[in-house]
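Subject: A structure for you to look through

Dear colleague,

I am handing over the structure below, together with some notes on what was found in it. Please keep it open beside this email while you read, so that each name can be looked up as it comes.

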Amino acid sequence: MDVFEELGNNGVDVKDGIERFLGNKTFYISMMTEFYKYLNENNPEVFIKAGDYKNALSACHTLKGMTGNLSFTELYRGYSDIVSFI
């Protein structure tokens, strides 16, 4: 099983995601790496636990955009809900 198949099996709309990056699979994967890096450096849970809702909102808003562009549909919905809630 390749990475795209595995992503698809986990609810990612891989076809749409790759199309958003003009069919460039390498660029799509590099943006997934950027998402991972951003999440590790700006984890909203850490901000929320610290009561830092300004940075939590900023991180969630950025993650909402990133997950939308990557077609991580379920994560996008989750971050959208969090942004609305905060």
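In this predicted model, helix 5, which covers residues 53-70, packs with helix 6, residues 73-85, at an angle of about 150 degrees, and the axes of the two are 8 Å apart. Because angles over 145 degrees count as roughly antiparallel, helix 5 and helix 6 are described as roughly antiparallel to each other. The crossing in which helix 5 passes helix 6 is left-handed. On the side of helix 5, the contact is made by Leu57, Cys60, His61, Leu63, Lys64, Thr67 and Gly68, while helix 6 brings Leu75, Tyr76, Tyr79, Ser80, Ile82 and Val83 to it. If you sort the residues of this contact between helix 5 and helix 6 by class, you will find eight nonpolar, four polar and one charged.

Helix 5 also packs with helix 3, residues 25-41, and here the angle is about 160 degrees, with the axes 11 Å apart. Helix 3 and helix 5 are therefore roughly antiparallel to each other, and helix 3 passes helix 5 in a left-handed crossing. From helix 3, the residues Tyr28, Met31, Met32, Glu34, Phe35, Tyr38 and Leu39 take part, and they meet Ser58, Ala59, Thr62, Leu63, Met66, Thr67 and Leu70 of helix 5. The classes in this contact of helix 3 with helix 5 are ten nonpolar, three polar and one charged.

The remaining notes concern backbone angles in two loops. As a rule, most residues other than glycine have a negative phi. Leu22, however, has a phi near 55 degrees, a positive value in a residue that is not glycine, and Leu22 is found in the loop between helix 2 (14-20) and helix 3.

Technical notes. Residues are numbered from 1 along each chain as its sequence is written. This is a predicted model: local features need pLDDT of at least 70, side-chain atom pairs count only at pLDDT 80 or more; totals for chains, interfaces and linings use all residues. Side-chain values use heavy atoms; hydrogens and water are left out. Axes are lines fitted to C-alpha atoms, for helices over the stretch in contact, and angles run from 0 to 180 degrees between N-to-C directions. Helices (H or I, at least four residues) and strands (E, at least two) are DSSP runs, numbered from the N terminus. Angles under 35 degrees count as roughly parallel, over 145 as roughly antiparallel, 65 to 115 as roughly perpendicular and the rest as oblique. A crossing is left-handed if the near helix is turned anticlockwise from the far one by less than a right angle, and right-handed if clockwise. Contact means heavy atoms within 4.5 Å. Ala, Val, Leu, Ile, Met, Phe, Trp, Tyr, Cys and Pro count as nonpolar, Asp, Glu, Lys and Arg as charged, and the others, Gly among them, as polar.
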